[in-house]
Amino acid sequence: MKRIKQYLLSLLLLFSVSLHAEKITIAAASDLKFAMDEIVVSFKKANQGEEVDVVYGSSGKFQTQIRQGAPFDLYFSADIAFPRELVKEGFASGEVVPYALGRIVLWSASLDATKATLSVLTDPKIKRIAIANPKHAPYGKRAEEALKASGLWEKVQEKLVLGENIAQTAQFVETGNAEIGIIALSLALSPELAKKGGYWLIPENLHEPLEQGFIVTKRAADLSLAKKFVEHIRAKSSRMIMKKYGFVLPEENPTK
Amino acid sequence: MSGRRRVVILSEEDLQAIWLTIRLAGLVTILLLLIGTPVAWWLANTKSKWKGPLGAFISLPLVLPPTVLGFYLLLLFGPSGPVGELTRFLGIGHLPFTFWGLVLASVFYSLPFMVQPLQTSFEAIGEKPLEAAATLGASPLDTFFTVVVPLSFSGFAAASVLTFAHTVGEFGVVLMIGGNLPGITRVASVQLYDHVEAFEYPQAHRLAVCMLIFSFLVLLALYIRPNRINKT
């Protein structure tokens, strides 16, 4: 009997703790996978007991889901146009905050991509080139623009395989199913991919900028933990992490 | 890229995706009729201790998340996987991102939908007609084609329809090993997903309605067929 009482008491304690702690859920574009993971770890270290969940996926999908009432408190998009639309439609609390510029790179696990340029893609030895689906993935769209600007788009058509998002694109190349791919610099710099192959930075004049932005959603307007996280994102430590993963940070973004 | 006139319900890309889906599902159904029939026959008649394990293995796709299958196929078929090395050695190349890769994946994925209805319908025949045929001097093969096949016709019909429909409904595996190539691996379910992701809701609706109607008709065909199917 005493045992049961003790058990119930500890259960009660457990519940009361979870009731008091706040929790936020973040929807983040898959190019942020490694950078955001690190930022969340440092945030949790600084804010013991707070819960932060991150869901990674394609920016477009998250936009639709937020419109349909998905329980996301923050939304980090790889294309700033998506959160801008949400602000206009009244799904956000506050304005869009630009947080980074993304870059695209040629990356391969089997060839030496560091010495490559886009023109290697026409090499007959390369059978498959992975890019993200340009129809809905921001990184895929930029890859298409870069290929078009270098006059290669028509020539490589037959070799293209399309990833559902930029992480799947990287995974097509990582498993060797595609010899080379155009992926996010932030992924090429991740420890998992960096040890498997080098990258070649695609000149940014070949494509529109990959301007990325985030919003706090309407439902998180009064959530103090969401505000805390936004502050943390703007702090120097987070900016250093973003830089480490190759993101170019917007100058107008105040450090505090 | 929608049609030039309003009467055009589906775009050319949609039609291409549908045609590809029909080809894939049709081919898989034919292949599985050839593979599944002997397997189902063996399962229906054997007393071997392997009956249980093999039956369980064949039924795996019923409960296995398609992503599990997709993940393993991607690794096995890839350049560093055993199957990938074999196919390269044979001069076929690598199977991910190819139509035949999808065919092979679908054969495994839809296997239980062929084998199970066949097995039940073979078991329902019982031993008497077979014994009668044997006493009349028919060889086992003869017996199979002149006695078993006609008797289990509705079993074959149900198995084929289910296999076809299940292959049409495939999504997870294709998304993981397809690479979204128009005319090669971009099947209708993936095309629909792309429409939704690109906010092309009107196009998504049209394709979705087509698939909804198709699925309903398939099930209707199964349910209004009288007699044997209910028994099997």
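Here is a walk through this predicted model, starting with its two chains and then moving to a few spots in each.

Let's begin with the overall make-up. Chain A has 11 helices and 10 strands, while chain B has 12 helices and 0 strands. The C-alpha trace of chain A spans about 75 × 45 × 35 Å along its principal axes, and for chain B the C-alpha atoms fill a box of roughly 65 × 45 × 30 Å. Of the 256 residues in chain A, 52% are buried; in chain B, the buried share is 43% of 232 residues. Now take the contacts with a separation of 6 or more. In chain A, 76% of them come from residues 24 or more positions apart, and in chain B the figure is 72%.

Now for the strands of chain A. Five of them form an open sheet with mixed pairing, in the order E2-E1-E3-E10-E4. Which strands stand at the edges? They are E2 (51-57) and E4 (92-102) of chain A; each has a single partner strand, so one side of each has no neighbour in the sheet. On average, neighbouring strands here are turned by 20 degrees against each other, ignoring direction. To get your bearings, look at E1 (residues 23-29) of chain A, which pairs with E2(A) in the parallel sense over 7 bridges. One handy landmark is Ile24(A), whose bridge partner in E2(A) is Val52(A). Packed on this sheet is helix H3 (residues 59-67) of chain A, which touches E1, E2, E3 (74-77) and E10 (210-217) of chain A. The direction of H3 makes about 150 degrees with that of E3(A).

Elsewhere in chain A, have a look at strand E8 (residues 180-184). Here 5 of the 5 residues are buried, so E8(A) is largely enclosed by the rest of the structure. Strand E5 (residues 104-107) of chain A pairs with E8(A) in the antiparallel sense over 4 bridges, and Leu106(A) has Ile182(A) as its bridge partner. Strand E6 (residues 129-132) of chain A runs parallel to E8(A), joined to it by 2 bridges. In that pairing, Ile129(A) stands opposite Ile180(A).

The axes of H1 (residues 12-45) and H10 (residues 188-197) of chain B come within 8 Å and cross at roughly 150 degrees. Angles over 145 degrees count as roughly antiparallel, and therefore H1(B) and H10(B) are roughly antiparallel to each other. On the H1(B) side, Glu13(B), Asp14(B), Ala17(B), Ile18(B) and Thr21(B) meet Ala188(B), Gln191(B) and His195(B) of H10(B). By type, the residues of this contact divide into 3 nonpolar, 3 polar and 2 charged.

Conventions:
Residues are numbered from 1 along each chain as its sequence is written. Chains are lettered from A and ligands numbered from 1 in the order in which they are written. This is a predicted model: local features need pLDDT of at least 70, side-chain atom pairs count only at pLDDT 80 or more; totals for chains, interfaces and linings use all residues. Side-chain values use heavy atoms; hydrogens and water are left out. Axes are lines fitted to C-alpha atoms, for helices over the stretch in contact, and angles run from 0 to 180 degrees between N-to-C directions. Angles under 35 degrees count as roughly parallel, over 145 as roughly antiparallel, 65 to 115 as roughly perpendicular and the rest as oblique. Contact means heavy atoms within 4.5 Å. Ala, Val, Leu, Ile, Met, Phe, Trp, Tyr, Cys and Pro count as nonpolar, Asp, Glu, Lys and Arg as charged, and the others, Gly among them, as polar. Two strands pair if DSSP finds at least two bridges between them. Buried means under 20% relative accessible area, exposed over 50%, partly exposed in between (1.4 Å probe, protein chains only).
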